[in-house]
Amino acid sequence: MGLTITEKIFSSSVEKEVHAGEMVTSKIDYSLVNDITGPLAVMEFEKIAKKVWDSNKVVIVLDHFTPNKDIKSAGNCKMLREFARKQGIKHFYEGGNVGIEHELLPEKGIARPGLVMVGADSHTCTYGGLGAFSTGIGSTETAAVWATGELWFRVPETFRFKVHGTLRKWVTGKDVILKIIGEIGVDGALYKAMEFAGDAVKEMTLAQRLTMCNMAVEAGAKSGIVEPDYKTLLYVKQHSTLPYKIFKSDPDAVYEKEFEFDGRQIESMVAAPHLPSNVKPASSFSDVEVDQVVIGSCTNGRYEDLEVAAEILKGRKVAGGVRMIVVPATPSIYKQAMTEGLLKIFMDAGGIISPPTCGPCLGGHMGILAEGETCIATTNRNFVGRMGHSRSKVYLASPATAAASAVKGKITDPRNI
Amino acid sequence: MEDKIEAVVYKCKDNVDTDVIIPARYLSSTDASELGKHAMEDYDKEFSNVPHEIIVAGKNFGCGSSREHAPIALKAAGVKVVIAKSFARIFFRNSINLGLPVIVCKDAGKLDGKIAVHLQTGEIIAPGEIIRFPPFTGEIKEILDAGGLVAFIKAKKAKV
């Protein structure tokens, strides 16, 4: 009986063959916190231990409420800064070095294929796009990881999603994952690993694979994963000299469920309020006017996301009365967007450029919605009150659809630009 | 872990997410009592004024963000147990780690009015019937009995 890539990663970590359903205690390669979940982790950690198990393996990224949105947030960042200094934490990112965590960790070569990574942030599942096992945990559990360097897991069963054929122009990994979540629901893969495969996934860039794995948690999954290939290797070699391990699922691996999608039939998709599974083609929304557009987040704030948006916005204007906020996810993406002229395109169109931050996605700051306002965003959640007032609305879409909607002032399929 | 919790249930629908359990505007606080004041505020403005010691929910309770502030807020607001058809996995682990019992019960939909939950025996005494759930065992039981993961680790260390 063959093994899935996820079973192989756990087998390698615990140094014996393990299968879905088994309980394992695995060594942790990296443990991540941010400025929201970090303070609670530090408070709990200090009750049980003095030194973190490995100061090279703890990653602290001050990305959520930064640049500090209020006095309490500033206090939380200060506490984490002092903790990082005291513990000698190697990977501590703030100020001009900070980027949105799930874009920053691959870029810094921290997230690598074959590793077991945990983060006190639900979107930690993103690194599956590089062929790592990674998942979200809480702050107290993080404290236990910092004390011991280990965590228990139930090796998840895998649902495989095969996406065949070549995707249409403007249709990207974001549309595919929205389509999948729309089909299976927000608990459709509860506790499972979602493995993405097929020609369409093979043809995808690393950025799009990271986007797909990022949203696995929106289907309730423990993790998302794509088998590494030459694109993965190229990316990893460009970003790190540290070790990694390439695993692939066996041809006779056991999947709990298999799903097939025809990529050629997938259109630009939009998730309407208030669930990421409330998905319909962008073309079916005719009269949904928007007050705000957000292009960014750990889902879609990478350089190629900005490039797609710029392709649509070049020489065009954001519709009157619409605020378009563009959030390059990391300083290096910001710099590249600046030198390649993307920021000028956005500003000429009437957009606002934000520093790298999670801010608007979770209703933190840098783009909060008033009562009754509507936003189309390239983010990952559209729950009640997610981006501000409990009677505001968020629609989720790809960068192309968000940019097209900014131009028209209402939800628009990018083909109609 | 308390043995018996008796109260009128607070019923919720499917997919109650952690953004409505504790909205992001309160996440700069790490103070449990402060968080507790705002528990479920965006789900139901009346939550704090009605009985809510026992929450009974549909499927996928606690989906979304990993914020531990969510079970912290519920606990501080006086919630003693959450019974749901299913839980989102991070919320489930966070709750156990904080010593908040979370019970998976396929028949959660049937529960209404005043009930008594017996955590040690795995029984829910509801009007006219007894509904059973698998009681906590092993390490999860030990963590809940200790009052959470940190207390559990401390107790273990003290023994060594």
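This is a predicted model: local features need pLDDT of at least 70, side-chain atom pairs count only at pLDDT 80 or more; totals for chains, interfaces and linings use all residues.
Figure 1. Across the interface of chain B and chain A, 15 residue pairs are in polar contact, both residues of each pair having pLDDT 80 or more. Three salt bridges are found across the interface of these chains. One salt bridge is formed by A:Arg386 and B:Asp19, with 2.8 Å between the closest N and O atoms.

**Figure 2. Helices of chain B on the side that touches chain A.** At least two residues of this side come from each of α1 (18–21), α3 (69–76), α4 (89–98) and α6 (149–159) of chain B. The largest share, seven residues, is supplied by α4(B). By residue class, the side of chain B that touches chain A holds 14 charged, 13 nonpolar and 12 polar residues.

**Figure 3. Extent of the contact between chain B and chain A.** Chain A brings 42 residues to the contact and chain B brings 39 residues. About 3,300 Å² is buried between the two chains, and carbon and sulfur atoms give 56% of this area. Of the area that chain B buries against chain A, 22% is supplied by B:Ser28, B:Arg89 and B:Arg93, more than by any other three residues.

Figure 4. The side chain of A:His102 is in polar contact with the side chain of A:Tyr127 at 2.7 Å. A further polar contact, of 3.5 Å, links the side chains of A:His102 and A:Glu101. Apart from neighbours within four places in sequence, the residues in contact with A:His102 are A:Leu32, A:Asp121, A:His123, A:Thr124, A:Thr126, A:Tyr127, A:Cys298 and A:Arg302.

Figure 5. A:Cys298, one of the residues in contact with A:His102, is buried at 9% relative accessibility. The cysteine sulfur closest to that of A:Cys298 belongs to A:Cys361 and lies 6.2 Å away, which is too far for a bond. A:Cys358 is also buried, because its relative accessibility is 10%, under the 20% cut-off. A disulfide would need the two sulfur atoms within 2.5 Å. Over all chains, the structure holds zero disulfides.

Note on methods: Residues are numbered from 1 along each chain as its sequence is written. Chains are lettered from A and ligands numbered from 1 in the order in which they are written. Side-chain values use heavy atoms; hydrogens and water are left out. Buried means under 20% relative accessible area, exposed over 50%, partly exposed in between (1.4 Å probe, protein chains only). Contact means heavy atoms within 4.5 Å. Buried area is the accessible area (1.4 Å probe) that two parts lose on being put together, summed over both. A salt bridge is a side-chain nitrogen of Lys or Arg within 4 Å of a carboxyl oxygen of Asp or Glu. A polar contact is a pair of N or O atoms within 3.5 Å; within protein, one must be able to donate a hydrogen and the other to accept it, and residues adjacent in sequence count only if both atoms are side-chain atoms. Helices (H or I, at least four residues) and strands (E, at least two) are DSSP runs, numbered from the N terminus. Ala, Val, Leu, Ile, Met, Phe, Trp, Tyr, Cys and Pro count as nonpolar, Asp, Glu, Lys and Arg as charged, and the others, Gly among them, as polar.
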